[in-house]
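Work through the exercises below with the sequence and the model side by side. Try each task before reading its solution.

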Amino acid sequence: MHNKRKIICIPTGAFEIGNPFEDSDPDEIPVHTVNIDGFYIDATPVTNEMYKKFVDATGHPNPPYWDDKRFNNLHQPVVGITWHDAMAYAEWAGKRLPTEAEWEIAARGGLTGRSYPWGNKKPDQARVNYRNNVGQTTPVGQYPPNGYGLYDMSGNVFEWCYDAYYQNFYTQVESRTRNPIADLSQFDIEKDRVLRGGSWKSTSHVLNVANRSHREPSYSSYYTGFRCVTNDPAQTRDQLLQSITNTIKNYRVDESLPTTVEHVEKWVNQFDGHNQLTILAETDRLLGLFYSSREKVRNSIQAIKKIN
């Protein structure tokens with residue numbers, strides 16, 4: 001695995017997500033179409049080797065299984081990770097956690113209406129680490145990739161997503177917006193967060209690419225890990241403009257700020273390149289791409305106003 005590409009591009013497009021089969025869980029239906037802007041996703045979960053660089057650079061606490069011989073090989077996925085840990089790593093790496101929709105689209109590997117990253121054939125030990133068959137995590141990339149070239153999208157470790165978990169989210173109109181994110185308009189730091197993909201202990205039912213697991217953001221276990229994504233650089237400016245516009249509309253904290261994309265574009269163009277990057281960083285905070293409280297959101301908006 002170590003010579004293969006580290007990140008994979010997922011194209012812009014319309015994709016079906018959800019479980020079309022009779023054994024679907026209530027929170028996996030209805031099947032619906034989402035429109036997603038292109039993004040880049042890590043080919044594997046974050047490994048112990050990658051996470052150690054973050055710990056060494058920042059002084060972030062070691063995860064609880066750091067010294068456990070079952071889980072501390074450099075090429076095994078890091079485990080014992082809370083949602084907060086994953087968010088902190090992503091910020092340090094200049095990335096973010098995938099949204100739930102992005103994760104499922106990536107996991108499907110270009111397939112539609114299938115149960116697993118490889119299709120509809122039942123899981124077995126040649127395809128995936130599951131059902132405690134190995135008794136621990138395995139080094140990333142040991143099993144075949146999906147159609148996009150992504151490894152371990154089922155089994156090995158559960159992966160944190162950015163979104164809060166709502167059982168009925170798929171029935172809500174927000175789930176059908178472009179680049180849907182649950183809980184964006186009323187960010188709740190304590191709300192359960194989505195976990196996807198199943199782990200080395202999971203049954204085949206949980207390995208389904210549509211399966212939606214969840215835990216409180218402070219939860220950690222020897223089967224919780226993560227991978228990161230980053231936006232397509234070619235779309236960054238358009239997303240900057242739209243993100244600022246959406247954020248201002250959502251929070252409505254200052255009527256003097258621009259409220260349309262056209263107004264925002266004129267506003268952003270007042271600043272030089274350095275300050276445009278500052279605005280983008282602040283916008284990421286507003287959207288909760290790096291976790292924060294509502295008070296920090298308000299402060300960030302005030303900080304944007306002061307940029308000149």
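## Exercise 1: a pair of charged side chains

Arg212 and Glu100 form a salt bridge through their side chains, with 2.5 Å from N to O. A salt bridge here is a side-chain nitrogen of Lys or Arg within 4 Å of a carboxyl oxygen of Asp or Glu. The model is predicted, so local features need pLDDT of at least 70 and side-chain atom pairs count only at pLDDT 80 or more, while totals for chains, interfaces and linings use all residues. Residues are numbered from 1 along each chain as its sequence is written, and side-chain values use heavy atoms, with hydrogens and water left out.

Task: Find where Arg212 and Glu100 lie in the chain, and state whether Arg212 is buried or exposed.

Solution.
- Step 1. Arg212 is in the loop between α4 (204-207) and β7 (213-215), and Glu100 is in helix α3 (residues 100-108). Helices (H or I, at least four residues) and strands (E, at least two) are DSSP runs, numbered from the N terminus.
- Step 2. The two residues are 112 apart, so the pair links distant parts of the chain.
- Step 3. Arg212 is buried, with a relative accessible area of 5%. Buried means under 20% relative accessible area, exposed over 50%, and partly exposed in between (1.4 Å probe, protein chains only).
- Step 4. Glu100 is also buried, at 2%.

## Exercise 2: the partners of Glu104

Task: Which side chains meet Glu104 in a salt bridge?

Solution.
- Step 1. The side chain of Arg108 meets that of Glu104 at 3.0 Å, N to O. Both residues lie in helix α3, four residues apart, which is about one turn of the helix.
- Step 2. Arg196 also forms a salt bridge with Glu104, at 3.0 Å, N to O. Because Arg196 lies in strand β6 (residues 193-196) and Glu104 in helix α3, this pair ties together parts that are 92 residues apart in sequence.
- Step 3. Arg196 is buried, with a relative accessible area of 0%, and Glu104 counts as buried at 0% as well.
- Step 4. A network of salt bridges links Glu100, Glu104, Arg108, Arg196 and Arg212. The whole structure has 11 salt bridges.

## Exercise 3: a strand and its neighbour

Task: Which residues of strand β1 are on its covered face, and which strand pairs with β1?

Solution.
- Step 1. In a regular strand the side chains alternate between the two faces of the sheet.
- Step 2. In β1 (residues 7-10), Ile8 and Ile10 make up the covered face, and Ile7 and Cys9 the uncovered one.
- Step 3. Strand β4 (residues 39-42) pairs with β1 in the antiparallel sense over four bridges. Pairing requires that DSSP finds at least two bridges between two strands.
- Step 4. Opposite Ile7 stands Asp42 in β4.
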